[in-house]
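Trainee: I would like to learn how to read a few features from a model. Please show me the one we will work on.

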Amino acid sequence: RKVIFSGIQPTGVPHIGNYLGALRNWVKMQREAEPDDQLIFSVVGWHALTLPQDPRKLLQTRNDTFAALVAIGLDPERSIIFHQDQKEVLYFTRTRLAISRNANDESEVDESMLNTGLLTYPVLQAADVLAYKTTHVPVGDDQQQHLELCRDLAESFNRSTNNSLFPLPETVFNPAKRILSLKDPSAKMSKSARDENSRILLTDDTITIRNKIRGAVTDSLSGVSYDTEARPGTSNLLTLLAGCLDEDVHAVAERYKDKGHGALKIDVTDVLEETLREPRAEFFRLRADPGHLQALADKGAERAKEISQRTLAEVRRLVGLLTEF
Ligand code: TYM
């Protein structure tokens, strides 16, 4: 039996990197799951506190993130969808680290950004995963290291308690596991990059998609080919296209070998529009009814808590801290 878990930060409407790298795989796994497999997806509110946040804005983006998960086709009946922060995880991620600094240290890091959350983040992520005895974690490329730590922690707990309470969770990737910035193909597409044209959001309208793809950085070589080293921007467009079409990127590249960037960009735009049309409409429909979303979130949190409390009771029993059972 599979237990599938994954999480997303409460950063608001996801971008196409989140979608092709992870979220779409969540929906696919939901579709392909066996009846007794369990699927659990979380908006990880506590993780946001690693950085300073404006509380009003965070509340909005947190709720938008949840709405997006439902909008892309996660079914709140089949899957448990919940806000991590609705569970009683008391986590002091904001505690400042006392770090003695050199007077002439010219590091760019703002001291207010150095808090324990930076260190505890991967541990909190491991707790997310292990609380449900997860067996599979569908994520993008950048989560690889965090999940290795998670497996280490699970293994060492199992060993120290001479038990096999925690399965070692397997990382599950999509072919499009790393989507790059449209403006700087040496970086991954990210929510925090200053330039909004560097990413496509699930809610972008047709014209916005067209303009962003038209402005995507490619290269001055002629023709189109898939070569992530020499042609990262062009290859990224091919990855987007193949990701949306759910086809092999080399097969897609083959079809464009006698065409130019212009033709590729037109097709990427069309396919993105096609891919985003439904989730976009569904997102705005859902967001118009916050009460309904809250009810879904409450239900999800309740179901999630039931499972994690059971795990926690087992942990307590194994380490000798359970007072009643
Ligand atoms: P987050 O919110 O940064 O991203 C959510 C998911 O989207 C993937 N992703 C990408 N995939 C391809 N290309 C990109 N440019 C791109 N950007 C983001 C991420 O890999 C991720 O799968 N630490 C996690 C949240 C988390 C979590 C967990 C995940 C907390 N607890 C437990 C799995 C299990 C994060 O910051 O994701």
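Trainee: Is Cys 244 buried or exposed?

Mentor: This is a predicted model, and what follows is computed from it. A residue counts as buried when its relative accessible area is under 20%. Cys 244 has 12%, so Cys 244 is buried. Cys 150, at 1% relative accessibility, also counts as buried.

Trainee: How many disulfides does the structure hold?

Mentor: The count is 0.

Trainee: How should I read the nonpolar cores?

Mentor: In soluble globular proteins, nonpolar side chains tend to be buried together. In this case the largest nonpolar core has 55 residues, and those touching the most other members are Ile 16, Ile 213 and Leu 240. Helix H1, residues 16–32, supplies the largest share of this core, with 8 residues.

Trainee: Where does this core lie relative to domain 1 and domain 2?

Mentor: Residues come from both domain 1 (3–178 + 290–319) and domain 2 (196–284), so the core lies between them.

Trainee: Which residues is Leu 240 in contact with, beyond its neighbours within four places in sequence?

Mentor: With those neighbours left aside, Leu 240 is in contact with Ile 16, Leu 20, Ile 179, Leu 182, Ile 213 and Val 268. Ile 16 and Ile 213 are, with Leu 240, the members of the largest core that touch the most others.

Trainee: Which residues around the ligand come nearest?

Mentor: There are 26 residues around the ligand, and Gln 9, Tyr 121, Gln 125, Asp 128 and Asp 142 come nearest. For polar pairs, look at which atoms are involved. A ligand nitrogen atom is 2.8 Å from a polar backbone atom of Ile 179. With Gln 143 the side chain takes part: one of its N or O atoms is 2.9 Å from a nitrogen atom of the ligand.

Trainee: Where does His 15 lie, and is His 15 buried or exposed?

Mentor: His 15 is in the loop between strand S1 (3–8) and H1. Its relative accessible area is 4%, so His 15 is buried. The His 15 side chain reaches the backbone nitrogen of Gly 17 at 3.0 Å. Beyond neighbours within four places in sequence, His 15 is in contact with Met 189, Ser 190, Lys 191, Arg 199, Ile 200, Leu 201 and Leu 202.

Key:
Residues numbered from 1 in each chain as written. Predicted model: local features only at pLDDT ≥ 70, side-chain atom pairs only at ≥ 80, totals over all residues. Heavy atoms only, no water. Disulfide = S-S within 2.5 Å. Buried < 20%, exposed > 50% of the residue type's maximum accessible area, 1.4 Å probe, protein only. Core = buried A, V, L, I, M, F, W, Y, C linked by side-chain atoms within 4.5 Å. Helix = DSSP H or I, 4+ residues; strand = E, 2+ residues; numbered from the N terminus. Domains from an automatic or database assignment. Contact = heavy atoms within 4.5 Å. Near = heavy atom within 4 Å. Polar contact = N/O pair within 3.5 Å; in protein donor to acceptor, adjacent residues only side chain to side chain.
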